[in-house]
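I opened this entry to keep track of what I looked up, going from charged pairs to strands and helices.

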Amino acid sequence: MKTLKNMSKTSKTNFATYGMVIVVFAVLQLLGSDLIQRGGVLSPTLKGQLVPICAYVVMALSLNLTVGVLGELSLGHAGFMSVGAFSGTVAATALQNVIPSPGARLLAAVVIGAVFATVAGILIGIPVLRLGGDYLAIVTLAFGQIIKSLIENLYVGMDVNGLHFDFLENKIALAQGGKMIVNGPMGIPSIQKLSSFTAGFLLIMAALFVIFNLTNSRSGRAIMALRDNRIAAESVGINVTKYKLMAFVTSAALAGAAGTLFALGQNTLVASKFDFNTSILVLVFVVLGGLGRMWGSIIAAAALTILPEALRQFADYRMLTYAIMLILVMLCTNNPTLKSFFSSLAAKVKGSAKKGKAKGGEGK
Amino acid sequence: MKKFLALTMAAVMSVSLLAGCGGNKDSGKLKIGGAGPLTGGAAIYGNAAKNGATIAAEEINAANPNGLQIELRYEDDTHDPEKSVNAYNTLKGWGMQVFLGSVTSAPGVATSVEANADHMFYLTPSASSTDVLGGVVNPLTGTVDVERKDTIFQMCFVDPNQGSASAQYIFDQKLGDKIAVIYKNDDVYSTGVFNSFDAKAKELGLNVVSVTTFTEDTQTDFSVQINDAKAAGADLLFLPMYYQPASLILAQSAAAGFAPKYFGIDGMDGILTLEGFDTSLAEGVMLLTPFNADSEDAATKSFVEKYQAAYGDAPNQFAADAYDCVYAIYQAATKTGVTADMSASDICDKLVAEFTSMTFNGLTGEGMTWAADGTVTKSPKGMVIKDGAYVGMD
């Protein structure tokens with residue numbers, strides 16, 4: 001009890017975030033199991049969306065690290081997701097015979113996806129992070145397009161002799177029984193599904209662990225100091241490029257892992273899936289959830305992924321309804337009157353809880 | 001913030017509960033579902049297919065009030081494979097027994113995997129990629145990249161057939177000495193047709209002088225591609241693509257003073273009804289298509305009239321294919337004694353057996369048959385546009 005009281009506010013929020021993810025996971029697992037009803041009570045739509053939701057949650061967390069904690073706007077985050085998705089899927093297919101266990105293969109693929117995205121993050125980060133503000137946003141936007149174009153011209157085939165790569169034109173000659181894994185602009189025609197909800201849950205927990213530990217460390221404080229006042233931070237000897245790169249690359253690695261998780265939950269994948277719109281969608285999750293607020297990103301990503309599907313009843317007006325709801329939510333969460341109403345409500349609840357506790361005679 | 005979200009979600013869910021009350025009762029009708037792009041850039045195809053299928057279902061229900069009745073529901077997939085699986089799952093939750101497939105190819109590849117895993121009968125009107133069916137050899141590499149999905153059938157020509165048929169047609173009719181091709185290389189449909197055209201053209205010794213590509217992002221300006229074809233002295237331009245980019249190519253090459261012969265495929269059908277398109281630009285354009293809205297055939301005439309009365313414009317090939325799909329499923333279902341209370345898996349067994357042995361006459365062809373690999377056999381009609389109308393070529 002005492003340790004809980006002595007805990008800082010950040011630690012409390014962090015543990016509450018872990019707790020929220022675990023509880024939601026447990027509840028959904030229970031609802032999806034045969035315990036209540038054969039086949040579970042979740043609708044097929046929601047069941048099919050669980051893996052993409054986990055992937056988008058990790059994407060939102062990872063972008064929140066760049067936008068909320070580092071304070072730099074990135075508009076090409078889907079590019080890292082794309083790198084992770086394609087490298088991870090190729091790895092998962094190539095390792096088919098080496099690692100027969102699907103769980104271990106998924107783990108290997110996610111790690112490989114994250115490594116490739118890390119490399120991309122470093123390559124982009126070194127020149128780009130010397131820029132700031134709007135310039136960085138535009139350069140990352142271009143980066144997203146470059147990744148998309150590169151992958152649209154990439155051909156990967158596999159046969160008994162191993163992997164074959166080609167660029168721009170498909171001149172790969174495969175031995176008998178070989179198959180194309182990545183088919184240029186047509187993407188990956190067939191993917192063996194390895195991702196599961198449990199794997200997605202574990203990845204979210206891992207992402208939270210990495211982000212919370214980074215932000216609570218010495219480096220994390222340096223990163224936030226850079227965000228709050230770059231000149232002041234530099235004057236006390238903080239290495240700007242190093243700390244910016246640290247946050248940016250961590251963010252890229254997490255996005256790559258999310259991409260692999262996403263790809264291995266799909267039947268087919270094309271590079272154009274990870275375009276500018278996907279980057280903006282993830283940015284919307286982050287802005288809606290609150291900059292630097294990880295639990296907000298989780299809720300926003302999950303809610304905004306489910307919402308368009310939940311609105312199917314509106315038929316022709318579905319996307320219109322979605323857009324209107326998005327505007328309303330954005331307006332309302334920024335409305336000072338509503339904000340003060342909710343905070344006074346929260347204070348009242350807290351106050352009455354304290355009173356109850358005092359009556360119960362709990363002293364120090 | 002958290003509370004507000006909770007309230008919003010609660011509101012959404014209560015609305016969905018209310019909306020759910022209407023149609024969820026077991027209606028005693030055969031539930032046929034379909035998914036296609038009803039919104040977004042490809043909406044023109046999804047809505048056409050939806051409208052065509054709706055007319056067929058209404059006709060069937062009106063004609064046999066005591067026989068097998070059909071309930072049709074279409075869901076939006078915005079031409080995105082991820083969303084298409086959501087749409088498919090939504091339909092599954094609704095109790096769908098037969099799936100009319102995805103309208104476009106990339107989503108079709110995704111939903112076909114799901115339908116095959118669920119053992120759900122799948123007849124797509126227009127997702128023509130071979131990856132939808134699976135088990136077809138990639139003409140470029142000679143490999144089978146996707147395994148055959150047994151429950152999947154197509155109503156449209158499969159892409160390679162169109163490409164090789166076009167090359168053969170150009171060769172037989174001696175339509176051009178120097179051929180230029182523009183295709184969309186991030187589109188499964190366009191690339192599939194081009195690959196097989198290319199293979200066949202090499203085999204026949206056609207002289208292809210210029211091959212240029214474009215993507216979804218660059219499909220508004222074709223000056224580079226047109227100049228390349230012009231510089232190479234092409235006298236025939238092959239356009240394996242849908243009619244929207246094709247209409248821009250026609251307009252821009254007219255502006256650039258380039259006037260070759262044009263040859264298109266079934267995706268070109270519909271160019272004459274495109275809003276704001278100057279039909280005189282399409283004068284002399286040749287295309288291979290299974291459906292002709294100006295046909296004098298009684299069934300086609302009646303379909304076109306109904307379609308125009310209900311939706312205001314002339315039906316294209318997508319609408320006709322979807323119309324045929326519903327009738328083909330109905331024919332197979334009545335013949336094998338399918339009833340509305342059967343499970344999707346039982347219906348699938350019966351329909352697969354019947355489809356591989358039956359013959360079907362529809363708007364898009366007479367005497368159609370299906371092979372066990374899911375492809376349809378019907379002959380494309382060569383059409384040429386004269387005075388703003390399609391005319392049979394031979």
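I count a salt bridge when a side-chain nitrogen of Lys or Arg lies within 4 Å of a carboxyl oxygen of Asp or Glu. With that rule I looked up Asp228(A) and Arg227(A), whose side chains form a salt bridge with N to O at 3.1 Å. The model is predicted. Asp228(A) is exposed at 57% relative accessibility, while Arg227(A) is partly exposed at 34%.

**Salt bridges**

I noted the total over all chains, which is 16 salt bridges. Next I looked up Glu114(B) and Lys193(A), which form a salt bridge with their closest N and O atoms 2.7 Å apart. This pair crosses between chains: Glu114(B) sits in helix α4 (residues 105-118) of chain B, and Lys193(A) in the loop between β3 and α7 (197-215) of chain A. Glu114(B) is buried at 12% relative accessibility, whereas Lys193(A) is partly exposed at 42%.

Within chain B I found Asp198(B) in a salt bridge with Lys202(B), the closest N and O atoms being 3.1 Å apart. About one helical turn separates the two, because they are 4 residues apart in helix α7 (residues 188-204) of chain B. Asp198(B) counts as buried at 17% relative accessibility, and Lys202(B) as exposed at 62%.

I also recorded a network of salt bridges that links Lys273(A), Asp80(B), Glu82(B) and Lys83(B).

**Lys244(A)**

Is Lys244(A) buried or exposed? I read a relative accessible area of 4%, so Lys244(A) is buried. Lys244(A) belongs to helix α10 (residues 240-263) of chain A. Setting aside neighbours within four places in sequence, I listed its contacts as Leu70(A), Glu72(A), Leu129(A), Leu131(A), Leu226(A) and Arg230(A).

**Strands of chain A**

I then turned to strand β1 (residues 154-159) of chain A, where 5 of the 6 residues are buried, so the rest of the structure largely encloses this strand. β1(A) pairs with strand β2 (residues 162-167) of chain A in the antiparallel sense over 6 bridges. The two form a hairpin with 2 residues between them, and Asp159(A) stands opposite Gly162(A) in β2(A). β1(A) also runs antiparallel to strand β3 (residues 179-183) of chain A, joined by 4 bridges. Lys179(A) in β3(A) is the bridge partner of Met158(A).

**Helix α4 of chain A**

Last, I checked helix α4 (residues 77-94) of chain A, which has 18 residues and spans 26 Å from first C-alpha to last, close to the 26 Å expected at 1.5 Å a residue. In α4(A), 17 of the 18 residues are buried, so this helix is largely enclosed by the rest of the structure.

Notes
Residues are numbered from 1 along each chain as its sequence is written. Chains are lettered from A and ligands numbered from 1 in the order in which they are written. This is a predicted model: local features need pLDDT of at least 70, side-chain atom pairs count only at pLDDT 80 or more; totals for chains, interfaces and linings use all residues. Side-chain values use heavy atoms; hydrogens and water are left out. Buried means under 20% relative accessible area, exposed over 50%, partly exposed in between (1.4 Å probe, protein chains only). Two strands pair if DSSP finds at least two bridges between them. The expected span of a helix is 1.5 Å times one less than its number of residues. Contact means heavy atoms within 4.5 Å.
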